[in-house]
Amino acid sequence: MPATHDRLRALYAQKPVVLAPMEDVTDAVFRRLCRTLGATIAMTEFVNVEGLLRGCKNARRKLALADDDELTAVQIYGANPERLAEAARVAESAEPLFLDINCGCWVPKIAGRGAGAGWLREPEAMVAMARLVVQSVSLPVTVKTRIGLGPESHMPIVDLARRLEDAGVAAITVHCRTAQMGHSGAADWAWAARARAAVSIPVLVNGDVRTAEDARRAIDETGCEGVMVGRRAIEHPWIFREARALLDRGEALPPPTEAERIALCREHLVANVAQRGEPFGVHCTRRHLSGYLKGLPGAASLRQRLNHCDTLEGCCAILEEAAYQVTSWSSVTPSARSMTSGDRPSSAIAPDHAPQG
Ligand SMILES: Cc1cc2nc3c(=O)[nH]c(=O)nc-3n(C[C@H](O)[C@H](O)[C@H](O)COP(=O)(O)O)c2cc1C
């Protein structure tokens, strides 16, 4: 068995907490940040096989792995088995940890054309496609899919998991919603448990893992090797270190400090601007900032000011001011704090309702 397969098995033996593939989110900068905070494995955004085979710029950007991306997997999607196999060979040249095939995207323009969750309409064809991709590359190939198409249909996931294992797939991620549910409604982890019981390859449970306690419960309840975290990581990437501490040492970590929250905003902005320039690097960080700043006094007005600022320098100045005010606030004794209205100093970051300076 090639070393890469052994490596993957070793990683799956560590109760991995994996950063989910997310379009426009899991680029090299965010992957690094999550890895630093404890993500075991990170996934790229999904790469369209036609774009990849045509050499289109966006596909090339998504495929480009950074020097520290050695624990990153590339996810590809497409509707044609031969094109998927061909694209898998191209993706293999980027030397990812493994390749993942997206069989779960519910977006109509993708699933409606037979890619992503569209494969769930024909489980047999999905298995044949996976077999072809596995045979076309030497890297391990995994599949990320959903429990089924819709509530009215039979849930194929358990039988599918068995057949994917038989096709040589190295591991499966089960997003415990149907394609029809999109991202709404509760994920039903019981399906991951059933799939896990049916196979001997590792299974990751995905959907609604929002806290370290969720991660522990998902693993305990399903018997899965690990969890995959999507949306929560966008606003709270500290979930990786919190989950690691709980899974490895039974320790419940305190939430990040205000200073850490501000520092992460700055770090993410700086890295995105270095990677993508201004103003795009600033704009694409915005979706993270409100989550990072959650709980800070005056967070809403801070967020509003950041949302209206297009330059790195301007954003850093706003954050510096916030950091200064947080520091002065934390140096105020509790008794002095209680004398100020609303438990916050009059000089603190502009309260949410205050006019902007
Ligand atoms: C903005 C966004 C982009 C996503 N892009 C992808 C993708 O490229 N490939 C994929 O397999 N899933 C994608 N997903 C789905 C997630 O990987 C994950 O399966 C889903 O969000 C459920 O996990 P969660 O409840 O932890 O968010 C995306 C989800 C979001 C919110």
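**Close-up views of a predicted model**

**View 1. The packing of helix α5 with helix α7.** Helix α5 passes α7 in a right-handed crossing, as seen in this model, which is predicted. The axes of α5, residues 81-92, and α7, residues 123-136, come within 9 Å and cross at roughly 30°. Angles under 35 degrees count as roughly parallel, and the crossing therefore makes α5 roughly parallel to α7. On the α5 side the contact is made by Pro-81, Leu-84, Ala-85, Ala-88 and Arg-89, while α7 brings Ala-128, Met-129, Leu-132, Val-133 and Ser-136. Sorted by class, the residues of this contact of α5 with α7 comprise eight nonpolar, one polar and one charged.

**View 2. The packing of helix α8 with helix α9.** Helix α8, which covers residues 157-166, packs with helix α9, residues 190-198, at an angle of about 35°, and their axes are 8 Å apart. The crossing of α8 and α9 is right-handed. From α8, the residues Ile-157, Val-158, Ala-161 and Arg-162 meet Trp-191, Arg-194, Ala-195 and Ala-198 of α9. The contact of α8 with α9 has six nonpolar and two charged residues, with no polar ones.

**View 3. The packing of helix α10 with helix α12.** The axes of helix α10, residues 212-222, and helix α12, residues 239-249, come within 8 Å of each other and cross at roughly 50°. The two helices, α10 and α12, are therefore oblique to each other, and α10 passes α12 in a right-handed crossing. Among the residues of the contact of α10 with α12, seven are nonpolar, none is polar and three are charged.

View 4. The shell around the ligand holds 22 residues, of which Ala-20, Met-22, Phe-46, Gly-230 and Arg-231 come nearest. Two elements, β2 (41-48) and α11 (231-235), each supply at least two residues of this shell. The residues around the ligand divide by class into eight nonpolar, eight polar and six charged.

**View 5. The contact between domain 1 and domain 2.** The protein is divided into domain 1, which spans 3-249, and domain 2, which spans 258-343, and the centres of the two domains, taken over C-alpha atoms, are separated by 32 Å. Six residues from domain 1 and seven residues from domain 2 take part in the contact. On the side of domain 1 that touches domain 2, α2 (28-36) and α11 each supply at least two residues, and the largest share, three residues, comes from α2. This side of domain 1 has four nonpolar residues, one polar residue and one charged residue.

**View 6. Backbone details in two loops.** Most residues other than glycine have a negative phi, and most peptide bonds are trans. Lys-15, although it is not a glycine, has a positive phi of about 50°, and this residue lies in the loop between α1 (3-12) and β1 (17-19). The peptide bond from Glu-278 to Pro-279 is cis, with omega near 0°, and Pro-279 is found in the loop between α13 (258-276) and α14 (280-283).

Terms used
Residues numbered from 1 in each chain as written. Predicted model: local features only at pLDDT ≥ 70, side-chain atom pairs only at ≥ 80, totals over all residues. Axes fitted to C-alpha atoms, helices over the stretch in contact; angles between N-to-C directions. Helix = DSSP H or I, 4+ residues; strand = E, 2+ residues; numbered from the N terminus. Parallel < 35°, antiparallel > 145°, perpendicular 65-115°, else oblique. Left-handed = near helix turned anticlockwise from the far one by under 90°. Nonpolar A, V, L, I, M, F, W, Y, C, P; charged D, E, K, R; others polar. Near = placed C-beta within 6 Å. Domains from an automatic or database assignment. Contact = placed C-beta atoms within 7 Å.
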